[in-house]
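The following report describes a single protein chain, moving from its overall make-up to individual residues and the contacts around them.

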Amino acid sequence: QLQLVESGGGLVQPGGSLRLSCVDSEFTLEYYAIGWFRQAPGKEREELACISPSGGRANYADSVKGRFTISRDNAKGTVYLQMDSLKPDDTAIYYCTSEGSYCSGYVYYWGQGTQVTVSS
């Protein structure tokens with residue numbers, strides 16, 4: 001069972017950047033496709049991006065394409081979400097997820113989430 005742990009959230013001004021990280025306590029992340037979701041108050045949960053186990057393929061939601069970048073360093077057992085040009089609408093809890101051996105959209109495991117607040 002994966003235990004995913006996110007970090008890197010916080011308060012940032014509009015136009016700013018944050019980098020979220022996701023690790024697995026057992027250091028087995030390299031075998032799984034990893035996604036990032038977010039959920040804002042009163043809004044539906046949204047998948048933002050997903051990256052294949054090798055890192056060779058990544059998918060993005062239209063809402064973040066061109067602003068967010070998902071990447072991974074399997075040697076460090078870490079998946080990142082680089083978020084640039086942040087907007088107040090990006091305020092949400094961000095979750096790291098495991099989707100199995102490929103980006104299927106089906107989530108097997110969720111992290112506990114990290115809060116991102118974009119505000120001046």
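## Order of elements and basis of the model

From the N terminus on, the elements of the protein run β-β-β-β-β-β-β-β-β-β-β, and the count is accordingly given as 0 helices and 11 strands. Helices (H or I, at least four residues) and strands (E, at least two) are DSSP runs, numbered from the N terminus.

This is a predicted model, in which local features need pLDDT of at least 70 and side-chain atom pairs count only at pLDDT 80 or more, while totals for chains, interfaces and linings use all residues. Residues are numbered from 1 along each chain as its sequence is written, and side-chain values use heavy atoms, with hydrogens and water left out.

## Overall dimensions and surface

The C-alpha atoms of the protein fill a box of roughly 40 × 25 × 25 Å, taken along the principal axes. The radius of gyration, taken over C-alpha atoms, is compared with a globule rule of 2.2 Å times the number of residues to the power 0.38; because a compact globule with 120 residues would have a value near 14 Å, the 13 Å of the protein agrees with that expectation.

Buried residues make up 43% of the 120 residues in the protein, where buried means under 20% relative accessible area, exposed over 50% and partly exposed in between (1.4 Å probe, protein chains only). The accessible surface comes to about 6300 Å², of which 46% belongs to carbon and sulfur atoms; accessible areas come from the Shrake-Rupley method with a 1.4 Å probe, and for residues only the protein chains shown count as cover.

Among contacts between residues at least 6 apart in sequence, 54% join residues at least 24 apart, a contact being heavy atoms within 4.5 Å. The protein has 10 positive and 13 negative side chains, and the centres of the two sets lie 5 Å apart. Lys and Arg count as positive and Asp and Glu as negative, with His and the chain ends not counted, and the place of a charge is taken as NZ of Lys, CZ of Arg, CG of Asp or CD of Glu.

## Aromatic pairs

The structure holds 3 aromatic pairs. Tyr 95 and Trp 110 form one that is edge-to-face, at 5.8 Å centre to centre and with 85° between the planes. This pair links distant parts of the chain, with Tyr 95 in strand S9 (residues 92–98) and Trp 110 in strand S10 (residues 109–110), 15 residues apart. Rings of Phe, Tyr and Trp (its six-membered ring) pair if their centres lie within 6.5 Å; planes under 30 degrees apart count as stacked, over 60 as edge-to-face and the rest as tilted.

Tyr 95 is buried, with a relative accessible area of 16%, whereas Trp 110 counts as partly exposed at 33% relative accessibility. Ring pairs link Phe 37, Tyr 95 and Trp 110 into a cluster.

## Buried loop residues

Leu 29 lies in the loop between strand S3 (18–24) and strand S4 (34–39), and is buried with a relative accessible area of 1%. Leaving aside neighbours within four places in sequence, Leu 29 is in contact with residues including Leu 4, Cys 22, Ile 34, Arg 72 and Val 79. The C-alpha atoms of Leu 29 and Leu 4, 25 residues apart along the chain, are separated by 8.7 Å.

Ser 52 is placed in the loop between strand S5 (46–51) and strand S6 (58–60), and it counts as buried at 14% relative accessibility. Beyond its neighbours within four places in sequence, Ser 52 is in contact with Ala 33, Arg 57, Arg 72 and Cys 103.

## Partly exposed positions

Most residues other than glycine have a negative phi. Ser 85, although not a glycine, has a positive phi of about 50°; this residue is found in the loop between strand S8 (78–83) and S9, and is partly exposed with a relative accessible area of 41%.

Gly 105, in the loop between S9 and S10, counts as partly exposed at 41% relative accessibility. Gly 10, placed in strand S2 (residues 10–12), is partly exposed with a relative accessible area of 25%. Neighbours within four places aside, Gly 10 is in contact with Leu 18, Gln 115, Val 116 and Thr 117.
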